[in-house]
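Biologist: I'm new to this one. Can you put it on screen and walk me through it?

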Amino acid sequence: MTPALELRNVSKTYPPPTTVTALCDVDFTVQRGETVAITGASGAGKSTLLSILGTLERPSGGTVRIAGTDTSTMSDTQLSGVRAWHIGFVFQQFFLLDHLSVLENVATGLVYRGVATSIRREHATQALERVGLAGRMRHRPAQLSGGEQQRVAIARALVGRPAVLLADEPTGNLDTANGHEIVNLLATLRETDEGTTVVLITHNNDVAAAMERKIQLQDGRIVHDSGATG
Amino acid sequence: MRPRSRLRPSDALSVGTVGLRARRIRSTLSALGIAIAIAALVAVLGAAESSKKHLLDELGQQGNLLTVGTGQTFDGNPTPLPPTAQTMIARIPPVLSTTAVGNIDGATVRRTDRIPPENTNGINLMAAQVSLPSTLSTRILRGAFLGPLAERYPETVLGYSAARSLGIDKLTAQTQVFIAGRYFAVVGILDQVSVAPEIDTSALISFGIADQLFDLGDVPTRIYIRVDPDQVPAVAAVLGATASPESPPDVQVQRPSDVILARLQAKGAFVGLFLGLGAIALLVAGVGIANIMVISVLERRAEIGLRRALGARRRDVAAQFLLESALLAVIGGVVGIGLGCLATVAAARLAGNPVAIPLQAPLAGLIAALLVGALAGLYPATRASRLPPADALRTL
């Protein structure tokens, strides 16, 4: 089966004036349905790695394959298509649009697929049911707790049933109880969401423990991979 | 086949209004700038058109009026009109009616004898014939015009400006003015005569009384001639020779409606000036929108990053901000057109002109607003679309 994500000798060096090497020869493969935690200290290159995995940033060297397709030859517009159809993002800051309702926020996840409004709302309703927020559809994000807001963000990432879900410190802004709920939700996606691949970044060991595989970064290099398959 | 991002036009419109809905006060104020500028442009065009229509109406009514007046000798003395001039002119077939006035020099018109003689208020004394209102197509605002009694008794009719200068608004049996050492009963007040402003600043008395008190005789200083509208140039060509067969150059033939034409041209020049000022106001409003949009792009980096993460292409982001800017300007433009039309109606009513709003004015206003909005949004939209998504998401 084609792997969900495949990185070969990926490196990232930012141009002057910073000239920082954020990643160096990063090499790993993530199979479909796998749940992976990328850990490391601050500045280890976790966020850069997630940006490259999510095609938000291009690597300086090496290749990134998503569902078997090399993304290095793709145009910016084609990469937008990959993000719209294959990848779901969850961010530490939630990034919900305050003036839209919870349902509208989730439906925004399908806007760039050209899906009709009625269908978007139908899918958004289902996604909210999956994250346990069916009763909060008409609320505004500001009326929800932090944990609920992050669940809305997860619903937005899942509404299009992407093959890969990338989460950047999803529990970073939450208390322990809410953090646990979110991690459990992400960890069970492979069972409930037809084997969604989950890659999350965290510096929290408890969160990382909930994932099947742990990759540890240090100074832009992989220093430990619990499930290395080559 | 590789999956592609796609944004439906209806969704593009909806996404384009996100910023407007989220920042209502800011959007309203930005649109207000455009609204004021467009309102000014529409009002200038509307007011000019209303005024032009009024002048054209007047030109239509007064374009067939000609005058024959006294000329001047080489040393500056007036050459009197021949006594037969009016009768001869009246015999030209296309002439519909004539009336004559005679200037009485040296007489002052005052409210009472207590007013010093030097306070003339610029009011002239003129002898007039009963046919004056009909020939000049003027209205009598108060009272009546000079009748047969005025030929024997001291009665006067005041021109519009003369009555205002004397502070006479309403007439009673006791309303009098002091003319050349005696009181005259004021029997009427005339409306403005646009083609004969000299009538506005005059007190009119009958030729009979003028002859009795000032030895005027029956010699007029100016004859007004109403002619068949189709024959105006033909009549004008023969007027000099008809009025003064012995020496045609001694009389001055004029078409008073030329004054209206000059006013029309002068208005055109002013409209150009005000339109220029309106365009500057629009430019300033456009710069205001551009400024607000640049700030908006800076504030909404996270939203831009999120949309790129959700699959928005660069052009989708550019379209969002361009549309937002254009919508802001168009909303302002529509409000401005409404305000401009209201201002035009109010200005026309105040000036007593007919309301005339050229269709081009609102249309041009809308196009100008759209253009300004699009231009103002171009730079912020480009800037937003070029923002690297990863950088945008690292905003916080």
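**A walk through the two chains**

Modeller: Let's begin with chain B. The C-alpha centres of its domain 1 and domain 2 lie 54 Å apart. Keep in mind that this is a predicted model.

Biologist: Which residues go into domain 1 and domain 2 of chain B?

Modeller: Domain 1 is given as 9-59 + 261-393. Domain 2 is given as 65-254. Those bounds come from a domain assignment.

Biologist: Now the partners. How many residues of chain A are in contact with chain B?

Modeller: On the chain A side, 25 residues. They meet 26 residues of chain B.

Biologist: Which helix of chain A gives the most to that side?

Modeller: Helix α2 of chain A, residues 76-86. It supplies 8 residues to the side that touches chain B.

Biologist: And how do the residues on that side of chain A divide into nonpolar, polar and charged?

Modeller: There are 9 nonpolar, 11 polar and 5 charged residues.

Biologist: Let's stay with chain A. How many helices and strands does chain A have?

Modeller: Chain A has 8 helices and 10 strands.

Biologist: Why is chain A called as compact as a globular protein of its length?

Modeller: Its radius of gyration is 17 Å, and the globule rule gives 17 Å for 230 residues, so chain A is as compact as a globular protein of that length. The C-alpha trace spans about 45 × 40 × 40 Å along its principal axes.

Biologist: What share of chain A is buried?

Modeller: Buried residues make up 50% of the 230. There is also a figure for contacts between residues at least 6 apart in sequence in chain A: 71% of them join residues at least 24 apart.

Biologist: On to the sheet. In what order do the 6 strands of the open sheet in chain A come?

Modeller: The order is β6-β7-β8-β3-β9-β10, with mixed pairing. From one strand to the next, the twist averages 20°.

Biologist: Which are the edge strands?

Modeller: In chain A, β6 (87-90) and β10 (221-225). Each of them pairs on one side only.

Biologist: How many bridges join β6(A) to β7(A), and do the strands run parallel or antiparallel?

Modeller: There are 4 bridges, and β6(A) and β7(A) run parallel. F89(A) has L166(A) in β7(A) as its bridge partner.

Biologist: And what joins β7 to β8 in chain A?

Modeller: Here 5 bridges link β7 (residues 164-168) with β8 (residues 197-202), again a parallel pair. D168(A) has I201(A) as its partner in β8(A). A167(A) stands opposite L200(A).

Biologist: Is β7(A) covered or open?

Modeller: Mostly covered: 5 of its 5 residues are buried. V164(A), L166(A) and D168(A) point one way. L165(A) and A167(A) point the other way.

Biologist: Back to chain B for one residue. Where is Q174(B)?

Modeller: Q174(B) sits in a loop of chain B, between α6 (160-165) and β8 (176-179).

Biologist: Why does Q174(B) count as exposed?

Modeller: Because Q174(B) has 7 C-beta neighbours inside 10 Å, and a residue with 12 or fewer is exposed.

Biologist: How far apart are Q174(B) and V187(B)?

Modeller: They are 13 residues apart in sequence. In space, C-alpha to C-alpha, Q174(B) and V187(B) are 9.8 Å apart.

Note on methods. Residues numbered from 1 in each chain as written. Chains lettered and ligands numbered in written order. Predicted model: local features only at pLDDT ≥ 70, side-chain atom pairs only at ≥ 80, totals over all residues. Contact = placed C-beta atoms within 7 Å. Helix = DSSP H or I, 4+ residues; strand = E, 2+ residues; numbered from the N terminus. Nonpolar A, V, L, I, M, F, W, Y, C, P; charged D, E, K, R; others polar. Rg over C-alpha atoms; globule rule 2.2 N^0.38 Å. Buried ≥ 20, exposed ≤ 12 C-beta atoms within 10 Å, placed from the backbone. Domains from an automatic or database assignment. Pairing = 2+ DSSP bridges. Axes fitted to C-alpha atoms, helices over the stretch in contact; angles between N-to-C directions.
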